Amino acid sequence: MLRFIVQFLVTCLALWLAAQIVPGVAFSDTTTLLLAAVLLGIANAIVRPVLTFLTFPLTLLTFGLFLLVVNAAVIGLVAVLLGGFVVDGLWAGIGAAIVTGVVSWIAGWFISDRRG
């Protein structure tokens with residue numbers, strides 16, 4: 001349970017930072033940010049694996065770079081489903097995907113489970 005809470009907080013931080021850094025990504029209020037983090041977690045658990053599987057040949061051809069487009073599409077899907085969360089176009093989505101990926105990677109590095 002603690003792992004889910006930490007992941008939720010990291011996702012909130014990543015989305016907030018993306019809104020601060022990437023032009024075209026914005027939230028109307030804190031509640032929208034929290035709901036976007038929840039929806040992004042659900043979409044990453046359900047939609048992203050399906051998209052990753054379907055686009056595997058293209059991902060292989062681009063040496064994995066197409067995964068940025070997949071992540072941007074998932075973030076864009078959350079923006080479509082949630083009023084008050086704006087991702088203005090593909091490049092804003094890719095920027096948000098890069099920021100959230102880097103923040104998650106750094107957080108994972110600090111919080112990693114170092115058991116045996």
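**View 1. Helix 1 supplies the largest share of the lining of the largest pocket, 9 residues.** This is a predicted model, in which local features need pLDDT of at least 70 and side-chain atom pairs count only at pLDDT 80 or more, while totals for chains, interfaces and linings use all residues. Residues are numbered from 1 along each chain as its sequence is written, and side-chain values use heavy atoms, leaving out hydrogens and water. Of the 29 lining residues, Q7, F8, V10, T11 and S104 lie nearest the pocket's centre. Helix 1, helix 2, helix 4 and helix 5 each give two or more residues to this lining. (Helices are DSSP runs of H or I, at least four residues, and strands are runs of E, at least two, numbered from the N terminus; a pocket is an open set of points on a 1 Å grid over the protein atoms alone, where a 1.4 Å probe fits, with protein on both sides within 12 Å along at least five of seven lines, and lining residues have an atom within 4 Å of a point.)

**View 2. A36 meets several partners.** Here A36 touches L15, F27, V78, L82 and F85, not counting residues up to four places away in sequence. (Contact means heavy atoms within 4.5 Å.)

**View 3. F27 and F85 form a stacked pair.** Their ring centres are 4.5 Å apart, with the planes at 0°. The pair joins distant parts of the chain, F27 in strand 1 and F85 in strand 2, 58 residues apart. (Rings of Phe, Tyr and Trp, the last by its six-membered ring, pair if their centres lie within 6.5 Å; planes under 30 degrees apart count as stacked, over 60 as edge-to-face and the rest as tilted.)

**View 4. W109 and F110 pair edge-to-face.** Their ring centres lie 5.0 Å apart and their planes at 75°.
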